[in-house]
Amino acid sequence: MKIALYGRTVTDANRIGMETLLNMLRQRSTPQLFCYSAFYDCLCGAGIALPDATLFASADELPDDVRLLISLGGDGTYLEAITLVCGRDIPVAGVNFGRMGFLTNATEHFVDLLDGNYNNALQRNACGFSSIRAQ
């Protein structure tokens with residue numbers, strides 16, 4: 001399964017949470033990871049390794065067959081992540097590492113997302129899980 005990661009920063013306050021989530025991702029499945037290049041640099045700077053990740057720097061570099069884009073951050077990060085998949089059938093799951101998290105509440109249903117149960121996660125958490133489709 002191809003999964004893409006998008007974020008803007010890693011702080012001391014969220015580093016352990018991000019590591020935990022990424023370890024859960026690795027243990028739960030064997031995904032082919034794609035990581036936004038600027039976020040990859042932040043992860044590396046915080047000592048979080050993603051040795052097998054393929055980097056992308058723009059929406060054009062993100063493959064169309066990615067099954068899920070995971071946004072790690074707050075609502076602003078989530079809204080930026082959506083622009084990467086606009087017009088494509090790639091769902092976006094927002095995991096809140098920001099302050100408010102009105103849109104990014106997929107953490108509770110993260111296991112459902114990794115198991116491919118997108119409908120369960122969507123029904124239970126409509127604000128934190130979106131799919132942007134072409135009109």
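Predicted model: local features only at pLDDT ≥ 70, side-chain atom pairs only at ≥ 80, totals over all residues.
Residues are numbered from 1 along each chain as its sequence is written, and side-chain values rest on heavy atoms, with hydrogens and water left out.

The secondary structure comprises five helices and six strands, where helices (H or I, at least four residues) and strands (E, at least two) are DSSP runs numbered from the N terminus. Along the sequence these elements follow the pattern β-α-β-α-β-β-α-β-α-α-β. Of the 135 residues, 45% count as buried, a class defined by under 20% relative accessible area, with exposed set at over 50% and partly exposed in between (1.4 Å probe, protein chains only). The accessible surface comes to about 6,900 Å², of which 49% belongs to carbon and sulfur atoms; the areas come from the Shrake-Rupley method with a 1.4 Å probe, and for residues only the protein chains shown count as cover. Among contacts (heavy atoms within 4.5 Å) between residues at least 6 apart in sequence, 64% join residues at least 24 apart.

In helix 2, Phe39, Tyr40 and Leu43 are buried. They lie on the same side of helix 2 because they cover an arc of only 105° around the axis, the arc being that of the directions from the helix axis to the C-beta atoms. On the other side of helix 2, Asp41 and Gly45 are exposed. The cover over the buried residues of helix 2 includes strand 1, helix 1, strand 2, strand 3 and strand 4. For Leu43, when neighbours within four places in sequence are left aside, the residues in contact are Val10, Met18, Leu22, Cys35, Ile48 and Leu50.

Helix 2 is followed by Gly47, which has a positive phi near 85° and is placed in the loop between helix 2 (37–45) and strand 3 (54–56). Gly47 is exposed, at a relative accessible area of 55%, and its C-alpha atom is separated by 9.5 Å from that of Glu19, 28 residues apart along the chain.

Helix 3 (residues 75–85) contains the buried residues Asp75, Thr77, Tyr78, Ala81, Ile82, Leu84 and Val85. These residues are placed on the same side of helix 3, because the arc that they cover around the axis is only 155°. In general, an α-helix has 3.6 residues a turn, so residues three or four places apart point the same way. Just after helix 3, Gly87 takes a positive phi of about 85°. Arg88 is in the loop between helix 3 and strand 5 (90–96) and counts as buried at 14% relative accessibility; its side chain reaches the backbone oxygen of Ala59 at 2.7 Å. A polar contact is here a pair of N or O atoms within 3.5 Å; within protein, one must be able to donate a hydrogen and the other to accept it, and residues adjacent in sequence count only if both atoms are side-chain atoms.

Ser71, found in strand 4, is buried with a relative accessible area of 0%. A polar atom of the Ser71 side chain lies 3.4 Å from the backbone nitrogen of Tyr78. With neighbours within four places in sequence left aside, Ser71 is in contact with Tyr6, Thr77, Tyr78, Ala81, Val92, Ala93, Gly94 and Val95.

A search of the whole structure found zero disulfides, with a disulfide taken as a pair of cysteine sulfur atoms within 2.5 Å. Cys35 is in no disulfide, and the nearest cysteine sulfur, that of Cys44, is 8.1 Å away; Cys35 is buried, with a relative accessible area of 0%. Cys42 is likewise in no disulfide, the nearest cysteine sulfur being that of Cys35 at 9.3 Å, and Cys42 counts as partly exposed at 27% relative accessibility.
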